[in-house]
Amino acid sequence: MILKYIFDLVVSLIGLLILWPVLVIVAILVKVKMPGGPAFFVQKRVGKGGKLFECHKFRTMIPVKNNEGAEGKKGDKNWSTVSVAGDSRITPLGSTLRHYKLDELPGLWDVLIGNMSFVGPRPDVPGYADHLQGDDRDVLKLRPGITGPATLKYRLEDEMLADVRRLMSEGKFLPQKEIDKMTDQELAVWYNDNVIYPDKVRLNCYYYHHYSFIKDIQMILCTVLGKKMEYAGEVI
């Protein structure tokens, strides 16, 4: 994957040089429209080999008290690693940034310094990827990516999880009585952990075992243009 590494290095540098005005404008908008916290959201994520690194994004949520502007942490009353469209923590500007993936632009820096790649599995918070077992740990042999097959398939994951009660009922993943007892947030976490995340692992393992630089370019283009593509026997 030497070509992949060279591509990441060169394109991320070019991207930062070209897009720095956009980065500055978005940072100012975040500070103005979402006062009380930093422009950037920095969080420890699991990288290649299971090593932790600091992942950078634009902040899209209201700041959490005593967390230095981060978007949440275990122990906070309203903390959750799973967010849905309409989540009260997400601001109107944050929702727009997420929808158009503009919150991911600071990730160009993570790519430039070698912590991430343009294409790969999304970097998870501790407790997910670092707990994978068996062949699923092949995911950890990859540098996390800004985009990737799982990211493309679940590009509207927030909107999907906003309708999770219907998805749970139609899919009959749990008895209806149990579903009725759970809050929407609890259902979103359950659906993510038991349906979405295992499917993401499957796609990312396929990516590792069937790597193609041409497919990388196609995934990047599909991400930028909002298009779909055929991959691993399905349309993502």
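1. Ala232 is partly exposed because its relative accessibility is 25%. The cut-offs for this term: buried is under 20% relative accessible area, exposed is over 50%, and partly exposed is in between (1.4 Å probe, protein chains only). Ala232 sits in the loop between β5 (230-231) and β6 (234-235). Helices (H or I, at least four residues) and strands (E, at least two) are DSSP runs, numbered from the N terminus. The phi of Ala232 is positive, about 55°, although the residue is not a glycine. Most residues other than glycine have a negative phi.

2. A note on the basis of these values. This is a predicted model, where local features need pLDDT of at least 70, side-chain atom pairs count only at pLDDT 80 or more, and totals for chains, interfaces and linings use all residues. Residues are numbered from 1 along each chain as its sequence is written, and side-chain values use heavy atoms, with hydrogens and water left out.

3. Confidence comes next. Mean pLDDT (the predictor's confidence in each residue, from 0 to 100) is 90 for the protein, and 90% of its residues reach 70 or more. Residues 66-79 have pLDDT below 50. Beyond near neighbours in sequence, this stretch still has 28 contacts in the model. A contact means heavy atoms within 4.5 Å. Where pLDDT is low, the predicted coordinates should not be read in detail.

4. Lys172 also has a positive phi, about 50°, and is not a glycine. Its place is the loop between α6 (164-171) and α7 (176-181). Lys172 is exposed because its relative accessible area is 70%.

5. Now the pairing of α1 and α9. Two packed helices are described by the angle between their axes and the distance between the axes. Helix α1 (residues 2-33) and helix α9 (residues 213-225) have axes that come within 10 Å and cross at roughly 30°. Therefore α1 is roughly parallel to α9. Angles under 35 degrees count as roughly parallel, over 145 as roughly antiparallel, 65 to 115 as roughly perpendicular and the rest as oblique. Axes are lines fitted to C-alpha atoms, for helices over the stretch in contact, and angles run from 0 to 180 degrees between N-to-C directions.

6. Which residues of α1 and α9 make the contact? From α1 they are Leu3, Lys4 and Phe7; from α9 they are Phe213, Asp216, Ile217 and Ile220. By class, this contact has 5 nonpolar, no polar and 2 charged residues. Ala, Val, Leu, Ile, Met, Phe, Trp, Tyr, Cys and Pro count as nonpolar, Asp, Glu, Lys and Arg as charged, and the others, Gly among them, as polar.

7. Asp216 deserves a check. It lies in helix α9. Asp216 is buried because its relative accessible area is 4%. Leaving aside neighbours within four places in sequence, Asp216 contacts Lys4, Val119, Tyr207 and Tyr211. Asp216 and Lys4 are 212 residues apart along the chain, yet their C-alpha atoms are separated by 8.5 Å.

8. The largest nonpolar core has 30 residues. Such a core is a set of buried Ala, Val, Leu, Ile, Met, Phe, Trp, Tyr and Cys residues joined through side-chain atoms within 4.5 Å. Val30, Phe58, Phe118, Met219, Met229 and Tyr231 have the most contacts inside it. At least two residues each come from α1, β2 (52-58), α2 (92-99), α3 (107-112), β3 (117-119), α4 (149-153), α8 (184-209) and α9. Helix α1 gives the most, with 5 residues. A second, separate core has 12 residues, including Leu161, Val164, Leu174 and Tyr191.

9. Val30 lies in helix α1. Val30 is buried because its relative accessible area is 0%. Not counting residues up to four places away in sequence, Val30 touches Pro35, Pro38, Ala39, Arg59, Leu93 and Leu97.

10. Is α1 residue Ile14 buried, exposed or partly exposed? Ile14, in helix α1, is partly exposed because its relative accessibility is 42%. Leu9 lies in helix α1. Leu9 is partly exposed because its relative accessible area is 36%.
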